Amino acid sequence: MTTTKIPGVHTAPASTTRAATGLLAYLLAGLYFGVVLVKSEAASWYRIQEMFRFESFHMFGLIGSAVLTGMVTTALLRRFVGRSREGQAISVTPKEKGWRRYVLGGLTFGVGWGLAGVCPGPIFTLLGAGIWPMLLVLAFALLGTYLYGAFKDRLPH
Amino acid sequence: MTDLLDFLRSPWPWYVGGPLIGLTVPLLLWLGNKSFGISSNLRHACAILLPESAKPGFFRYDWKKERWNLMFAGGLLLGGLVAGGLLANPEPTRLSAAAVQSVQDLGVTVRPGLVPAELTDLSNPGVWLLLAFSGLLVGFGTRYGGGCTSGHAITGLSTLQGPSLIATISFFGGGILSANFLLPLFMAVIR
């Protein structure tokens with residue numbers, strides 16, 4: 001009998017371990033983002049109303065500085081690091097060309113956002129905060145997603 | 001100790017929160033070359049939940065490859081639990097005077113919490129209508145437009161994508177219309 005441990009037989013396969021810790025990293029990233037959504041009040045219905053009525057700079061400063069930071073830090077990451085933690089070349093898939101779907105879909109989402117004051121991120125975050133009526137918003141958001149999937153071929157894109 | 005707790009419970013100004021939101025884009029690219037976008041999870045959830053026989057082609061793909069994003073959504077729940085539950089701000093959102101007036105005109109009282117009590121009172125049928133209609137449009141619109149605030153306004157604009165600029169302007173067009181004209185109609189029913 002040998003006591004030598006063979007990777008993948010006596011221990012968890014290296015790739016599985018890596019996949020699990022990899023997924024955990026995304027859970028932590030989500031936790032981070034959820035905390036920021038609450039602390040910056042982007043998940044506040046009040047702030048969304050204030051924004052759509054142009055009654056405060058808060059949300060505009062928030063989104064503006066987020067975009068500026070994302071732009072600079074993503075450019076730096078691509079220029080000086082270039083590869084992900086897992087060694088893939090960093091690339092951003094370009095969005096499909098066109099404008100109809102962006103205008104029509106964007107307007108539809110915007111109307112929904114202005115009512116209950118939630119975009120998809122805050123739906124999850126507010127649920128986590130124990131605001132259970134968000135389950136109703138989530139259920140109908142899933143229905144809306146399904147309806148798009150069912151009728152997409154009949155919509156202009 | 002109370003000072004520390006007060007600090008942890010207080011909200012952050014935009015110039016702290018904004019850059020931390022923006023950093024999510026390079027963070028996910030570095031973690032695994034992932035493009036930040038939350039609404040895709042609604043599609044993945046449909047792909048998981050729908051029975052095979054009733055599944056439109058749009059939901060027939062290998063959602064297991066997108067598990068990272070479902071984990072991210074799980075993290076959002078935890079983030080809400082920590083920041084909105086355990087360390088909830090005991091003060092109401094510090095709105096501008098103009099916004100306080102507008103919100104009161106809608107029939108909503110400014111109280112602590114992220115969502116007003118008037119909009120979570122499920123004994124009121126008007127609230128069901130508002131939340132259901134809003135959710136339906138968010139789900140349909142984000143998939144039709146190919147993304148939400150995170151995918152288009154944050155990721156798309158950060159990576160200089162024209163379609164995301166069109167989408168973001170449209171989000172605001174729709175939101176301005178609904179917050180100023182449609183919501184008052186709903187609130188007239190709810191009150």
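Visitor: In chain B, what share of the contacts with a separation of 6 or more comes from residues 24 or more positions apart?
Guide: This is a predicted model, in which local features need pLDDT of at least 70, side-chain atom pairs count only at pLDDT 80 or more, and totals for chains, interfaces and linings use all residues. Residues are numbered from 1 along each chain as its sequence is written, while chains are lettered from A and ligands numbered from 1 in the order in which they are written. Two residues are in contact if their C-beta atoms, placed from the backbone, lie within 7 Å. For chain B contacts with a separation of 6 or more, residues 24 or more positions apart account for 54%.

Visitor: How many helices does chain B have?
Guide: Helices (H or I, at least four residues) and strands (E, at least two) are DSSP runs, numbered from the N terminus. Chain B runs α-α-α-α-α-α-α-α-α from its N terminus. There are 0 strands, and the number of helices is 9.

Visitor: What percentage of chain A counts as buried?
Guide: A residue is buried if 20 or more other C-beta atoms lie within 10 Å of its own, exposed if 12 or fewer, and partly exposed in between, with C-beta atoms placed from the backbone. In chain B, buried residues make up 49% of 191. In chain A, with 157 residues, the figure is 48%.

Visitor: Which helix gives the most to the side of chain A that touches chain B?
Guide: Here 103 residues of chain A are in contact with 108 residues of chain B. Helices H1 (14-39), H2 (45-52), H3 (58-81), H4 (100-116), H5 (120-128) and H6 (134-151) of chain A each give two or more residues to that side. The top contributor, with 17 residues, is H1(A).

Visitor: Are H4(A) and H7(B) roughly parallel or roughly antiparallel?
Guide: Axes are lines fitted to C-alpha atoms, for helices over the stretch in contact, and angles run from 0 to 180 degrees between N-to-C directions. Angles under 35 degrees count as roughly parallel, over 145 as roughly antiparallel, 65 to 115 as roughly perpendicular and the rest as oblique. These two axes come within 7 Å and cross at roughly 155°. That makes the pair roughly antiparallel.

Visitor: How many charged residues are in the contact of H4(A) with H7(B)?
Guide: Residues that meet here include A:Arg101 and A:Trp113 in H4(A), and B:Phe133 and B:Tyr144 in H7(B). By class, this contact has 13 nonpolar and 8 polar residues, and the charged count is 1.

Visitor: How far apart are the axes of H7(B) and H9(B)?
Guide: H7 (residues 125-144) and H9 (residues 162-190) of chain B are roughly antiparallel to each other. Their contact is made by B:Gly126, B:Val127 and B:Leu130 of H7(B) and B:Phe186, B:Val189 and B:Ile190 of H9(B). The packing angle is about 155°, and the axes are apart by 8 Å.

Technical notes
Ala, Val, Leu, Ile, Met, Phe, Trp, Tyr, Cys and Pro count as nonpolar, Asp, Glu, Lys and Arg as charged, and the others, Gly among them, as polar.
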